[in-house]
Structures are given as C-alpha cells and as structure tokens.
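Please consult the sequence and structure shown here.

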Amino acid sequence: MEIEILHLLDGAEKATGTAVVIDVFRAFSLEAYLYQRGAALILPVQTVQEALDLKKEHPEYLLAGERHGAKVQGFDVGNSPSAIMHLDVKGKTVIHTTSAGVQGLLAASHADEVISGALVNAAAIARYLKKKNPDYVSLVCMGLEAKRDTEEDVLCAEYIRSLLQEKPLADIDERIDALRYQEGKKFFDPAQQNVFPQADFGLCTKRDCMNFVIQAQHTQKGIQMVKIDA
C-alpha cells in the first residue's frame, strides 16, 4: 500500500486510489456526529443555491452548512457538532455544504473510492483501509476554506498513515491538545463563540470514538455520504 499526503483542492483533484478527504474542524466531524445521532442520509452539495434548491424539492430535509465558518442564513444548523446535540436528526436526510471538506469530496473525481476523514473515526478509517488493502491511498488535508493548510488536518493524515504503517504516533494526544493553541484557538476566543463554540473543539478532537467510515457514493442525483461500519 502506497500512501501519499496531499493538500487542499489541488490535492483532492490529484487524489487517486482510495482518497480520504480530511476536514477535522468541522465538516467531517459533524457528519460523523450526525450519523451517530441517527441521521438517515447526508447529501453533500457544492453551493448554497444547490442546497436551497434541494430543500425546496424536499422540505422535510435539514440544511446544514457554513461559509467563512458561520451558519448560512436560512439553514437549520451551521457546521457545528455541538449545535446538533439538541437537534432531532434521527431518520432525517441532511443537506450539507461547506467551504473546504465538501468541496474536496466533489473535487476528488479521479479517485476509485472517496471516504471522509476526521479524528473521531481515524482508527476506524485505518481498519477499513487495511481490510480493503488498496494499492494507493491519498490522504487529502482540506485546511481552512481549502486555501491553506491547518494543523489538525495534517495531524489527522499523519495519524491515519501511522496506523496504516503500524507505527502509531506516541505523541498523538499531546499534539491533539496543542491544537488549542494553533488553528483550534478560535474555539477559545470569547469574541468568536457564535461561530466557533468552545464545545466544538472537544467534540472534533475526541479521537477514535466512532467505529464507522463515511463513504461518498455517486448516484444519478449526485453524491450521497453513506455510513459503513468498520
């Protein structure tokens, strides 16, 4: 198994083999929590207008997403895991659009298979990949708005790679904790709590707490994210 770490939209477009598109803060952490809380299906879409149009066709669907981190006006929820903890998502279909992670999913068109990546299910991702044993794995770090690298996505990629190579990172917990002083510091800024609530940091950095992967499957109507136990 050859493993490569790629970056941002350019990396997603170059990804081949099995691509793991990583967005720890917060897109794919949110999707994992949605499935953990009983959501039926997640539909990623590229633009806000696509999301609104789909909602018009299916008023019963929930709208989730952000632009520049903030909840899109008119959406049911933003991109915040903590915001769904008191939201009834059981059995619901969720339309999801974000600035980085979802864009990466849609850009990874040359990969044979695409799954999402986050710290919450990193070990499950490694187990899934070991079982499938693809010749090539692309770990794509989507960063901030797919414009610059961020420490949490790079760490997640390095962690998954270490598990695949059976050389676990001895300092993984220390490096996760250090994120609060790096890209994660926004979650501890009192002035940004409306957009980046502190609770999101803990939820997004709770590593290996979920035993499933989320696979992007192509249908005639677009991509859907499907939960697969691992």
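The points below treat the cysteines, then the backbone.

This is a predicted model, in which local features need pLDDT of at least 70 and side-chain atom pairs count only at pLDDT 80 or more, while totals for chains, interfaces and linings use all residues. Residues are numbered from 1 along each chain as its sequence is written, and side-chain values use heavy atoms, with hydrogens and water left out.

**Cysteines**

- With a disulfide defined as a pair of cysteine sulfur atoms within 2.5 Å, the count is zero.
- For Cys156, the closest cysteine sulfur belongs to Cys141 at 8.0 Å, which is too far for a bond.
- Cys156 is buried, at 0% relative accessible area (buried means under 20%, exposed over 50%, and partly exposed in between, with a 1.4 Å probe and protein chains only).
- For Cys209, the closest cysteine sulfur is that of Cys204, 10 Å away and too far for a bond; Cys209 is partly exposed, at 28%.

**Backbone geometry**

- Most residues other than glycine have a negative phi, and most peptide bonds are trans.
- The peptide bond between Phe25 and Arg26 is cis, with omega about 15°.
- Arg26 belongs to the loop between β2 (18-22) and α2 (27-36); helices (H or I, at least four residues) and strands (E, at least two) are DSSP runs numbered from the N terminus.
- His68, not a glycine, has a positive phi of about 55°; His68 sits in the loop between β4 (62-67) and β5 (70-71) and is exposed, at 60% relative accessible area.
- Glu166 also has a positive phi, near 55°; this residue is in the loop between α6 (151-164) and α7 (172-178) and is exposed, with a relative accessible area of 60%.
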